[in-house]
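Subject: Structure for you to look at

Hello,

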Amino acid sequence: MKSRWWAIAGILFGAVLAIVIAFKVDWRTFSDELRSILIAWLAATVFFSGIGLIARAARWRCIAGVRRGFFGGFWEATVIGVLGNNVLPARAGELAKIVLVQKLVALPMPVALLSAVYDRMLDVAVLIVAAAALISTQERTLPSGVTIS
C-alpha cells in the first residue's frame, strides 16, 4: 500500500512539472529546433547509447561474478541507474541501481555495492587513460604572450 502512495505521488509530481514546463516553453523555438535535428545523427546516438548500456550491464555482471543468466537484472538496474543520474541530484541513480540489482539478481548487498564501486573505478581509469592519450598528442607550445615564471 505504501508503494502505491509513492507511485501516485510521483505521477502527480511529474504531471505538475510537465504542466509548469509546458507553460514556460517557447513552442515556436522548440518546433524549429526539432525540425533542425538530423535524423542520421539522432539514430547513431540512440544506437551507440544502447550499445553502451548493454556493454555496461554485461561488464557489471562479470565484475559481480555472475557467470550465467541474470543479464536482464543487470540491464534493468543499469538503465534505471542512468535514468536516475539524469533526473535525481547527487548521482542518486547509482544508489538506486545498487538496490535494484540486489533485489533483481538476489546478490548480497556487499557484493552489489562493491561491484558497482569497482565498475565506477573502471570508468574513471578509462577516462584517465583517454585524457592522458589526448594530452600526449597535444602541442606543447604556449600561446603567444603567455609566459611561465
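What follows is a short account of what was found in it.

Please keep in mind that this is a predicted model.

I would begin with the inside, where the largest nonpolar core is made up of 12 residues, among them Trp-60, Ala-77, Val-101 and Ala-116. Helices α3, α4, α5 and α6 each supply at least two residues of this core, and α5 gives the most, with three residues. If you pick out Ala-77 and set aside its neighbours within four places in sequence, you will find it in contact with Trp-60, Lys-97, Leu-100 and Val-101. As background, nonpolar side chains tend to be buried together in soluble globular proteins.

Asp-119 counts as buried because its relative accessibility is 1%, which is under the 20% cut-off. Its side chain is joined to that of Arg-59 by a polar contact of 2.5 Å, and, not counting residues up to four places away in sequence, Asp-119 touches Arg-59, Trp-60, Ile-63 and Lys-97.

On the surface, by contrast, there is a nonpolar patch formed by Trp-27, Phe-30, Leu-34, Ile-37, Ile-39, Leu-42 and Val-46, which together have about 710 Å² of accessible area. Helices α2 and α3 each supply at least two residues of this patch. Phe-30 lies in α2, and it counts as partly exposed because its relative accessibility is 42%.

Best wishes

Notes: Residues numbered from 1 in each chain as written. Predicted model: local features only at pLDDT ≥ 70, side-chain atom pairs only at ≥ 80, totals over all residues. Heavy atoms only, no water. Buried < 20%, exposed > 50% of the residue type's maximum accessible area, 1.4 Å probe, protein only. Polar contact = N/O pair within 3.5 Å; in protein donor to acceptor, adjacent residues only side chain to side chain. Contact = heavy atoms within 4.5 Å. Core = buried A, V, L, I, M, F, W, Y, C linked by side-chain atoms within 4.5 Å. Helix = DSSP H or I, 4+ residues; strand = E, 2+ residues; numbered from the N terminus. Patch = residues over 30% accessible without salt bridge, like charges linked within 9 Å, V, L, I, M, F, W, Y side chains within 5 Å. Areas by Shrake-Rupley, 256 points an atom, 1.4 Å probe, with all protein chains shown as cover. Salt bridge = Lys/Arg side-chain N within 4 Å of Asp/Glu carboxyl O.
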